[in-house]
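Good morning. I will talk through one structure, and I will keep to domains, confidence and cavities. Please have the picture open.

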Amino acid sequence: MTNPLIIVENIVKKYHRGAEELTVLNSLNFTVYEGEFVALMGPSGSGKTTLLNLIAGIDRPNSGYIFVGKDEISALSEDKLAEWRSRHIGFIFQTYNLIPVLTAFENVELPLLLTPLGKSERRKHVEIALSIVGLADRMSHYPRQLSGGQEQRVAIARAIVTDPTLLMADEPTGDLDAKSAEEVLILLERLNSEFKKTIIIVTHDPKAAARASRLVRLEKGILKEDIPTESLDSARFAEAASVFVEARPK
Amino acid sequence: MKLLPLILKNVFRKKARAILTIGSIILPLLVICLMGTFLRLLDRPDPAETRGMFRIVTRHKVGLASPLPMSYAEKIRQLDGAFAVTKFNWFGGKYIDNSARNFFARFAVEPETLVQVFDDATITQGSATDWFNDRAGSLVGEDLMKKFGWRIGDQIVLIGDIYPVTIQLTIRAVYQLPDGDSDALFFNREYLEEALPSFQGKVGTIWTKCRDGAAATRLSDEIDQMFENSPYPTKTETEKAFQMGFVSMLGNVKLLITSLGTIVVFVILLIAANTMALSARERIREIALLRTLGFSRVTILMLTLGESLMLALFGGILGLGLFVVGFRPLKASLINTPLSGFATAMTLFPEVLLLGLVITIFVGLFSGLVPAIQASMRPITEGLRHIG
């Protein structure tokens with residue numbers, strides 16, 4: 001067994017919609033171990049993305065604790081948290097979120113602008129990241145000149161360029177066709193197995209979940225099911241995944 | 001500095017909008033520089049103070065149209081601290097025609113005392129003696145000589161309007177004043193007195209060169225007190241105050257120009273602020289992304305402010321550059337207008353350019369301030385959800 005990397009203790013997250021208070025996560029406890037590839041599933045509004053945002057340090061809980069490695073990120077100040085994110089988190093979005101006026105190279109370089117690296121070192125890092133995702137020949141292309149799959153791979157290169165501890169992906173295949181989605185999933189799997197990145201992915205896609213080493217199902221802010229995928233035969237996996245898929249609103 | 005390319009890309013993200021905003025900074029800035037030059041000319045240091053000339057001017061208390069008795073000049077000359085005294089009479093009249101192009105200041109004066117009071121003037125062509133010796137001679141400013149292409153010995157005919165007489169003058173000497181205002185013509189008052197006996201015994205203004213600054217201050221009061229109860233009460237002031245008086249005839253020009261300038265700055269500020277607000281609103285999601293990547297609130301604030309500052313600087317530097325390049329042609333074009341007096345004295349004042357730069361930086365920083373604060377303070381999750 002590897003060491004715990006993320007420990008979430010009694011997390012409560014509430015939102016206010018006018019006078020109404022909405023509890024999105026309710027006393028949630030959750031642990032992720034180093035090198036795991038975790039798929040978070042569940043119906044819309046179950047709190048998957050909220051949990052992902054809290055672990056990534058881009059949102060704060062109302063109560064409870066979140067430890068990532070030795071850092072209690074729920075107690076860090078806004079500035080410290082920003083610095084922590086730049087060193088430890090790589091974030092992949094459903095809609096890629098590339099900056100349209102920057103080339104693929106410049107988009108991937110963005111997180112490195114916060115580091116003390118010089119221009120030539122930054123170039124080296126960007127080239128490595130883009131070659132890992134197979135886009136070394138698209139460096140000078142603007143997002144509008146790339147396909148959706150290529151854009152997402154540039155976004156993955158941007159997420160890994162600082163060599164972060166954790167990769168967080170929020171529906172990374174949600175906007176892609178089947179072929180591009182497959183390529184992205186293979187890439188994430190490779191980052192996990194070959195580069196030992198701990199990955200948490202929010203998905204509605206059973207194929208994406210099947211790449212994970214662990215399936216976590218949330219419902220109404222509560223952890224309903226936590227299953228290592230290796231313990232599931234294909235029939236059981238299909239059944240488990242279908243529960244999640246059925247729960248997805250049409 | 002690493003973020004500069006990102007700032008530049010954002011500035012020109014929407015090229016048409018950036019160019020229009022830059023244009024809307026350039027044009028008002030040109031107006032501001034022109035207004036600043038005019039204000040600076042009004043505020044020029046008193047030559048009497050800077051060059052130790054200590055000149056004061058006495059006129060009728062009612063106004064310049066009312067003459068003073070010539071005997072006043074002799075009384076002033078006898079006062080302690082009066083170093084030299086000379087008399088001026090505005091001749092007016094017309095040269096060729098009444099067009100603005102052919103308008104310039106023409107005075108009947110006392111040649112020998114004029115050069116004593118204006119001993120900072122340099123005779124650049126001809127000689128003062130030649131002028132003294134020719135009753136129909138004239139002393140002409142260097143700028144006028146250039147404007148009309150005159151030469152020593154040329155004949156100038158002035159047709160009187162206030163004084164019903166036509167006089168024919170010969171250019172005998174050319175003068176240059178250190179402050180550049182060398183655009184008047186002077187001729188011997190004896191010529192006018194002979195041609196028009198009714199002119200005798202009257203002077204428009206009396207110019208006194210005082211021994212020092214203290215004497216200038218004291219004599220201003222002393223002269224006015226001396227003539228206070230006479231039929232011709234006087235008003236005495238420094239040379240600068242006297243010259244300013246002409247401008248103040250138009251009302252409080254300084255206040256007017258300053259108010260207009262402030263409005264123009266405010267308008268630029270609103271235009272630039274609108275551009276920045278639009279730009280920041282379109283990029284809410286991008287800013288949330290940058291913060292997800294680890295950009296701190298301060299860095300986002302700097303990025304947004306840097307963008308507005310850069311936009312303003314593009315406009316500001318282009319505007320100031322255009323002002324510098326276009327200054328000479330502008331000056332030349334104003335020479336032949338009723339603003340010729342202003343145009344002749346126009347100089348590229350470094351402080352006006354500095355003012356333009358300060359206004360540019362002010363506009364840059366303040367136009368971006370509110371969008372920058374909003375961008376840096378908005379929660380990341382809210383920004384990521386934003387559909388722009």
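In this predicted model, the C-alpha centres of domain 1 and domain 2 of chain B are 47 Å apart. Domain 1 of chain B is made of two stretches, 4–44 and 252–385, while domain 2 covers 62–232.

Next, confidence. Chain B has a mean pLDDT of 86, with 91% of its residues at 70 or more.

Now the cavities. How many are there of 30 Å³ or more? The count is 4.

The largest cavity holds about 110 Å³ of space. Its lining has 13 residues, and those nearest the centre are B:N10, B:V11, B:R17, B:S279 and B:E307. Helix 1, helix 2, helix 11 and helix 13 of chain B each give two or more residues to this lining. Helix 11 of chain B has the largest share, 4 residues. By class, the lining has 6 charged, 4 nonpolar and 3 polar residues.

The second largest cavity holds about 90 Å³. Among the residues that line it are A:I99 from chain A, and B:L6, B:N10 and B:E307 from chain B. Which elements of chain B give two or more residues here? They are helix 1, helix 12 and helix 13. Helix 13 of chain B gives the most, 4 residues. This lining has 6 nonpolar, 4 charged and 2 polar residues.

Key: Residues are numbered from 1 along each chain as its sequence is written. Chains are lettered from A and ligands numbered from 1 in the order in which they are written. This is a predicted model: local features need pLDDT of at least 70, side-chain atom pairs count only at pLDDT 80 or more; totals for chains, interfaces and linings use all residues. Side-chain values use heavy atoms; hydrogens and water are left out. Domain bounds come from an automatic or database domain assignment. pLDDT is the predictor's confidence in each residue, from 0 to 100. On a 1 Å grid over the protein atoms alone, a cavity is a set of points where a 1.4 Å probe fits but cannot get out, and a pocket is an open set with protein on both sides within 12 Å along at least five of seven lines; lining residues have an atom within 4 Å of a point. Grid points are joined across faces, edges and corners, and a volume is the space filled by probe spheres set on the points. Ala, Val, Leu, Ile, Met, Phe, Trp, Tyr, Cys and Pro count as nonpolar, Asp, Glu, Lys and Arg as charged, and the others, Gly among them, as polar.
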